[in-house]
Amino acid sequence: MASRSTATCDAIPRLKVLRTRAALREALGEAARPVGLVPTMGWLHDGHRELIRRARVDSATTVVTLFVNPRQFNEAADYTKYPRSEARDLAICEDEGVDIVFMPDVEEVYPPGFDTTVSVGAVANPLEGTARPGHFDGVATVVAILFSLVGAERAYFGQKDAQQVMVIRQMARDLAIGTDVVACPTVREPDGLALSSRNVHLSPEQRRAAPVLRRALLAARAAWDAGERSATALRQTMLGVLAAEPLADVEYVSVADGRTLEELGDVDGPALASLAVRFGTTRLIDNEPLE
Ligand code: AMP
């Protein structure tokens, strides 16, 4: 009998899949604390899995949100073709022992009459902020809503989107939201390519070329390790590596202050080397802290 009841217990799915703000609030009312939040746009990969695992270690209740946020896409085509699969994502969440998945419709996040934008200042302006106008307003707005709805003790983000982490930290601090932002290391393919939901759009040829981002960053890192402190020289090092890859269409390379993201002349403190490169219509980003 004992083993039968254990089997029955195991068969009960623990994962709650919720689609409305009201259902989420109700589930969280009775959830064990602390709560860990992992906000995602779905099409989960091993990078997301690592965030979930980290959240589970720290938390009594792990909440994953799956929401392709239209407000953070500055190109309509990028939003339309963003990969989506509820079944696939839910299977991964189940596999990772997630407690609650929140997967709302657009109208549930932005109900009729919604008319607020959260706009972070200086740290949101350079790099991705310049390359993708409105992107960080969309990110800060949706993350503020999710932070407010979930009220988690901690939320987990990937260092792959280093500027995003800085923007969200600034937003949470300024709006007095008591959720700690935890940055987790970038998860990579064996050849160095950072995992990204957008990698699925790369052709086999582009996929073979894409690790050039990592090689460029590692070349800058090696030069910095060897004592190079001219940011211009470090940018040139990255551009030199990228130039050798004909499929790589460089949008920017940057060596910026690690706290403000202002472009540097000389690297004399914590810095961030970062880049954005297009392969056809697929845009990839990556970064390497220099500290
Ligand atoms: P996304 O679904 O692309 O919006 O990403 C959701 C979260 O996963 C963000 O905090 C990302 O920074 C993080 N993330 C995406 N790719 C990776 C990766 N390769 N390694 C670690 N975290 C990642």
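Tutor: G158 lies in strand β5, residues 154-158 (strands, E, at least two residues, and helices, H or I, at least four, are DSSP runs numbered from the N terminus). This is a predicted model, in which local features need pLDDT of at least 70, side-chain atom pairs count only at pLDDT 80 or more, and totals for chains, interfaces and linings use all residues. Residues are numbered from 1 along each chain as its sequence is written, and side-chain values use heavy atoms, with hydrogens and water left out.

Student: What is G158 in contact with, leaving aside its neighbours within four places in sequence?

Tutor: G158 is in contact with L51, V165 and C184, where contact means heavy atoms within 4.5 Å. G158 and C184 are 26 residues apart in sequence, yet their C-alpha atoms are 4.9 Å apart in space.

Student: New topic: is α8 mostly covered or exposed?

Tutor: Helix α8 is mostly covered, with 14 of its 16 residues buried (under 20% relative accessible area, 1.4 Å probe, protein chains only).

Student: And what follows α8?

Tutor: G151 does, and its phi is positive, near 55 degrees.

Student: Which residues of α8 make the contact with α9?

Tutor: On α8 they are F136, V139, A140, V143, A144 and F147. On α9 they are Q163, Q164, V167, I168, M171 and A172.

Student: How do the residues of that contact divide?

Tutor: Ten are nonpolar, two are polar and none is charged (Ala, Val, Leu, Ile, Met, Phe, Trp, Tyr, Cys and Pro count as nonpolar, Asp, Glu, Lys and Arg as charged, and the others, Gly among them, as polar).

Note on methods. Buried means under 20% relative accessible area, exposed over 50%, partly exposed in between (1.4 Å probe, protein chains only).
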